[in-house]
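Subject: Structure for you to look at

Hi,

Please have a look at it alongside the text.

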Amino acid sequence: MTKAQKKQAVDSLKLLGQAHDGIKKMIEAGNDKAALDLLSQCQECAIRLGEIIEAVEGENFVTIPLIEDYCELAYQIYEKILKNGRINVSQVNKALRRSLVRVENSVKNEITERMEVVFLPYKASMWDSLESVWKAADEDPNCDAYVVPIPYYDKNPDGSFRKEHYEGGEYPAYVPVTSYREYDFGMRKPDMIFIHNPYDDCNYVTSVAPEFYSENLKQYTEKLVYIPYFVLGEVDPDHKEALEKIAHFCTAPGVIHADVVIVQSENMRKAYIDVLTGAAGENTRPYWEKKILGLGSPKMDKVLESSREAWEVPWEWRQILEKPDGSRKKVILYNTSVTALLNQGENMIKKMHSVFDTFKENVEDVALLWRPHPLMKATIESMRPQLWMDYEKLEERYREEGWGIYDDTVELNRAIALCDAYYGDGSSLVQLCQKAGKPVMIQNVEIL
């Protein structure tokens with residue numbers, strides 16, 4: 001049972017004790033109707049407590065029969081008052097108290113407090129931003145860790161929801177997934193909830209289901225923790241223009257509502273604190289300093305533990321990666337970002353055509369592994385619908401020709417492990433590839 005659940009149980013038992021005093025007073029005052037009402041409320045409270053304990057500890061848990069005995073006693077007293085109204089007040093009070101003490105002792109001594117931690121990823125491809133933290137929690141013998149993937153929606157240009165997505169079946173086999181329909185947040189009250197999507201209703205392209213907005217999740221836990229699903233290019237906290245470029249990341253709803261925010265470095269922590277202090281006032285600096293922690297990104301942990309040999313490579317990919325003599329080609333990870341497409345439009349489409357043509361001409365020595373941003377299609381449909389047809393034709397042509405790899409899987413770290421170098425737009429992948437020791441070249445859209 002979580003700390004919050006046990007506190008709820010103890011608080012319920014205190015209320016029952018207070019209700020007993022009220023029952024005694026009502027009977028002594030001859031107000032049987034009020035006494036009956038309080039007895040009925042005591043039964044309802046005890047039943048709710050039993051349901052919570054049963055849900056967490058199991059239906060055969062030792063406290064359950066004691067709660068059932070209490071409910072039966074309250075019912076018998078209720079019936080006795082209802083039938084003739086004559087009752088020994090002291091005996092009733094003593095019997096109720098004795099039964100309640102048995103429940104209190106069982107709750108106190110039999111129910112063990114355990115840490116319960118819930119992770120709420122939405123896109124399986126972004127699970128690496130939480131995985132190392134989940135592993136640590138899962139390996140802790142005093143902690144119960146749950147991975148509860150949540151649904152998300154593509155958005156129409158007017159902000160309304162379009163298509164629902166749920167990727168609960170796309171996580172690694174070693175990650176046990178719990179359905180969001182089966183995990184009762186109100187009943188379980190986890191000690192900590194981890195999220196990696198900070199935007200709530202402020203993203204133009206996608207939205208997690210509204211019940212999982214950070215503002216709503218706060219009611220179910222004492223500690224809401226936000227870890228970004230992305231890694232930003234490091235910034236100088238003293239450089240005002242650099243801070244302005246990342247300000248929208250720092251002031252997202254998830255950052256504001258979370259109790260703890262974990263960012264990729266100490267410099268990034270200082271940047272977040274400065275941006276938030278500038279927005280909320282200098283007197284709030286101590287609050288942000290306590291809340292923002294520069295403990296590093298789990299995405300970096302995943303990159304460092306991933307080796308080329310550890311990944312199973314699909315047969316179709318091997319035909320592209322290997323030369324006829326069985327030797328390995330140089331592999332270039334080509335990453336196209338949402339931001340570049342939004343900012344460059346048609347020029348970005350032309351650039352991609354140029355890149356593909358160049359690599360196609362050198363296919364005997366170099367293999368291209370194209371990994372577009374996972375939200376690329378949803379972004380184009382929502383924010384640049386006029387580009388959709390051109391982009392779709394470009395992607396379709398690339399996939400049909402089959403000389404290069406198209407990677408839209410959730411395995412980002414496989415792509416990093418397989419590649420010899422990175423080429424493409426500035427994005428989180430740049431920092432990850434650099435961490436993995438891979439050379440990086442940023443493409444210039446204006447050069448064809």
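Seven of the seven residues of β11 are buried, so this strand is largely enclosed by the rest of the structure. Buried here means under 20% relative accessible area, exposed means over 50%, and partly exposed lies in between, with a 1.4 Å probe and protein chains only. Helices (H or I, at least four residues) and strands (E, at least two) are DSSP runs, numbered from the N terminus. Please keep in mind that this is a predicted model: local features need pLDDT of at least 70, side-chain atom pairs count only at pLDDT 80 or more, and totals for chains, interfaces and linings use all residues. Residues are numbered from 1 along each chain as its sequence is written, and side-chain values use heavy atoms, with hydrogens and water left out.

Back to β11. Val-366, Leu-368, Trp-370 and Pro-372 point one way from the strand, Ala-367, Leu-369 and Arg-371 point the other way, and all are buried. In a regular strand, side chains alternate between the two faces of the sheet.

Which sheet does β11 belong to? It sits in an open sheet of five strands, in the order β12-β11-β10-β13-β14, with parallel pairing. The edge strands, each pairing on one side only, are β12 (405–406) and β14 (440–442). Two strands count as paired if DSSP finds at least two bridges between them. On the β12 side, β11 pairs in the parallel sense over two bridges, and Trp-370 has Tyr-406 as its bridge partner.

The largest pocket holds about 1,100 Å³ of space. For pockets, a 1 Å grid is laid over the protein atoms alone: a cavity is a set of points where a 1.4 Å probe fits but cannot get out, a pocket is an open set with protein on both sides within 12 Å along at least five of seven lines, and lining residues have an atom within 4 Å of a point. Grid points are joined across faces, edges and corners, and a volume is the space filled by probe spheres set on the points. The lining of the largest pocket has 38 residues, with Tyr-229, Phe-249, Val-338, Thr-339 and His-373 nearest its centre. At least two lining residues come from each of α8 (240–250), α14 (338–344), β11 (366–372), α16 (376–383) and α19 (428–435), and α19 gives the largest share, five residues. By type, the lining divides into 22 nonpolar, 14 polar and two charged residues. Nonpolar covers Ala, Val, Leu, Ile, Met, Phe, Trp, Tyr, Cys and Pro, charged covers Asp, Glu, Lys and Arg, and polar takes the others, Gly among them.

The second largest pocket has a volume of about 520 Å³. Its lining has 25 residues, and Lys-123, Tyr-152, Pro-374, Lys-377 and Asp-408 lie nearest its centre. Two or more lining residues come from each of β3 (152–155), β4 (161–165), β11, α16 and α17 (388–401). The largest share, four residues, belongs to α16. This lining divides into nine nonpolar, four polar and 12 charged residues.

Val-147 in β2 is the bridge partner of Phe-119.

Finally, two loop residues deserve a glance. Most residues other than glycine have a negative phi. Lys-189, in the loop between α6 (185–188) and β5, has a positive phi of about 45 degrees and is partly exposed, with a relative accessible area of 22%. Asp-200, in the loop between β5 and β6 (206–208), has a positive phi near 50 degrees and is buried at 6%.

Best wishes
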